[in-house]
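Open the model in your viewer and keep the selection tool at hand. The stops below say what to select next and what is there.

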Amino acid sequence: MALLSLQGVTKSFGGLTAVKNLTFDVEAGAIISLIGPNGAGKSTVFNLITGIYMPSSGSIVFDEHAIEGLKPHSVAARGILRTFQNIRLFSHMTVLENVLVGRHARMRSAAWDCAFRTPFAQKEERSSDAAAMELLEWIGLSRFATEWARNLPYGMQRRLEIARALASEPKLLLLDEPAAGTNPAEKIGLMKLVQSIRDRGVTVLLIEHDMKLVMGISDYVHVLDYGEEIAHGKPDAVRHDQRVIEAYLGKGA
Amino acid sequence: MFEIHNCAPQFIQQLINGVALGGLYALIALGYTMVYGIIELINFAHGDVYTLGSFISLSILGLIPLATISNPTVLGLIALAVIILAALLCGIIGVLIERLAYRRLRNAPRLAPLITAIGVSLILENIMQIWKGNSEVSFPQFLPDHWHQIGGVRFDDRSLMVVVVSLVCMILLNFFVFHTKLGKAMRATAQDRDAAQLMGINVNSTIAWTFFIGSALAGVAGFISGMYYGTTFFLNGYQAGLKAFTAAVLGGIGNITGAMLGGFVIGIIETMTSGCISDQWSEVAVFAILILTLVFRPSGLLGQQLPEKV
């Protein structure tokens, strides 16, 4: 049984069909990429999986439960976290606090516990702080823990977004163009990072335009164009697929 | 000229009165600023929740045979219990207001919830007018009151209580917002609601808690104002609400520390103006500050400098 399974998912906005009859599986432990030209519907797929959009038809099954129609915060609590193409950190919080917000879904203390500082809440806040620091250490940002998130350089903000998502111990991590705007050195670091995320036991679904990155780390690639899947397969097979080349470069290329 | 001469010896005295009044404004201003921070709504009904706090306290006190109790400790505990009950009930009312009046309008153009807030304010004022009538109601002065003299300055237990209660509330709130899971959820929701929900934060319940806390603080303010002034009136919240709103804007709306600072500044300016010039000028001074802030520093004293929007 796949970790995530989309069955015939369609999403229309009025007359526009952004995603059409999309079916694919994400096996646990894999790095899967979703590629396609701009406007192909990749971001819509992320919004469908995370509960921002409700599919017009079709089903989304995660960890053996149907998740379509769940609120985004419930989807996150079940273990699907994402990063954003245009970084959306909580810029008025410190680096550590951003990661702690990511811990939210894993924390059990109720508002009552927070208000009265029950021993349970205190213990949980402490263990959460420790887990967040450990994660920052792992991703190489621990010395910036008390900096404002907005003061970090761009590449580090991208890493911080990933740390924030990992803080909730997701089963599936959705990365939305993590390499956008990063320099070549950072890109190599990012590739290693994505692989070590998988080694932590987190499955990765990736939207990315950088083909070197996609071909370098993906186990399997799905190609979208105008909301429909036009090809899928191992990176090498997809790279030479005639329809993929046409979608990117136009017919006759 | 003689006014300035007259004013000097009273300066410290007015400062103390101003701090007490400021604590009251700060408590109310916190509710404005927290709600604005999280859903960008100026909740004009907030001042009326404050009045409701004093009315609720009054009704609870009416159930207790205060005249038969003389032990000051018991009376103190009664005061504490009434504060907590008023805070809880006002908090619940705040949550109901959000649920019934504002939630559906969360994604509507901003004018819609603003007008709704004015409507809620009118509804509350009319309910309170029917409840206690349209004249001032006296508030039982059941706590023993002693005057203290330090140097040439006199103050009584009542002003001391206002200052202590408001400071304790502010310290607790600060701790809550900056060091607990729910506080972080509030700040995250205030900064980016969509990102917050994708990180697993239940935005609806976080907003409801924000209303609860803001309204509970207004409930506390309602009780202590009743004790401080000895009377309450169904339209009290209108004036006090506007002044607290001014305090929130002065401090930088959306900023918690700013609301506290703004509350004290407005309170001190108001008492200084009435003490040194005349009562009639105090409101002119307060609202002139509102206008000057909006014209010259719309982000307020602490706006956009301290990263702690809620």
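Start with chain A and colour it by domain: domain 1 covers 1–79 + 170–253 and domain 2 covers 91–169, with bounds that come from an automatic or database domain assignment. Everything here is a predicted model, in which local features need pLDDT of at least 70, side-chain atom pairs count only at pLDDT 80 or more, and totals for chains, interfaces and linings use all residues. Residues are numbered from 1 along each chain as its sequence is written, while chains are lettered from A and ligands numbered from 1 in the order in which they are written.

**Between the domains of chain A**

The C-alpha centres of domain 1 of chain A and domain 2 of chain A are 27 Å apart. Eleven residues from domain 1 of chain A and nine residues from domain 2 of chain A form the contact; two residues are in contact if their C-beta atoms, placed from the backbone, lie within 7 Å. Now select α2 (72–78) and α7 (184–199) of chain A, the elements that give two or more residues to the domain 1 side. Helices (H or I, at least four residues) and strands (E, at least two) are DSSP runs, numbered from the N terminus. Which element gives the largest share of the domain 1 side? That is α7(A), with three residues.

The domain 1 side divides into eight nonpolar, two polar and one charged. Here Ala, Val, Leu, Ile, Met, Phe, Trp, Tyr, Cys and Pro count as nonpolar, Asp, Glu, Lys and Arg as charged, and the others, Gly among them, as polar.

**From chain A to chain B**

Show both chains: 26 residues of chain A are in contact with 22 residues of chain B. On chain B, select α6 (181–191), α7 (193–198) and α8 (203–229), each of which supplies at least two residues of the side that touches chain A. The largest share, seven residues, comes from α6(B). By class, this side of chain B has eleven nonpolar, five polar and six charged residues.

Axes are lines fitted to C-alpha atoms, for helices over the stretch in contact, and angles run from 0 to 180 degrees between N-to-C directions.

Next, select helix α3 (residues 72–102) and helix α4 (residues 111–132) of chain B, which pack at an angle of about 130° with their axes 11 Å apart. This makes α3(B) oblique to α4(B). Show side chains for Ile97(B), Ala101(B) and Tyr102(B) in α3(B), which meet Pro113(B), Thr116(B) and Val120(B) in α4(B). Five of the contact residues are nonpolar, one is polar and none is charged.

**Confidence**

Last, colour by pLDDT, the predictor's confidence in each residue, from 0 to 100. Chain A has a mean of 92, and 99% of its residues reach 70 or more. Chain B has a mean of 90, with 95% of its residues at 70 or more. Over residues 305–309 of chain B the pLDDT is below 50. Where pLDDT is low, the predicted coordinates should not be read in detail.

Notes. Angles under 35 degrees count as roughly parallel, over 145 as roughly antiparallel, 65 to 115 as roughly perpendicular and the rest as oblique.
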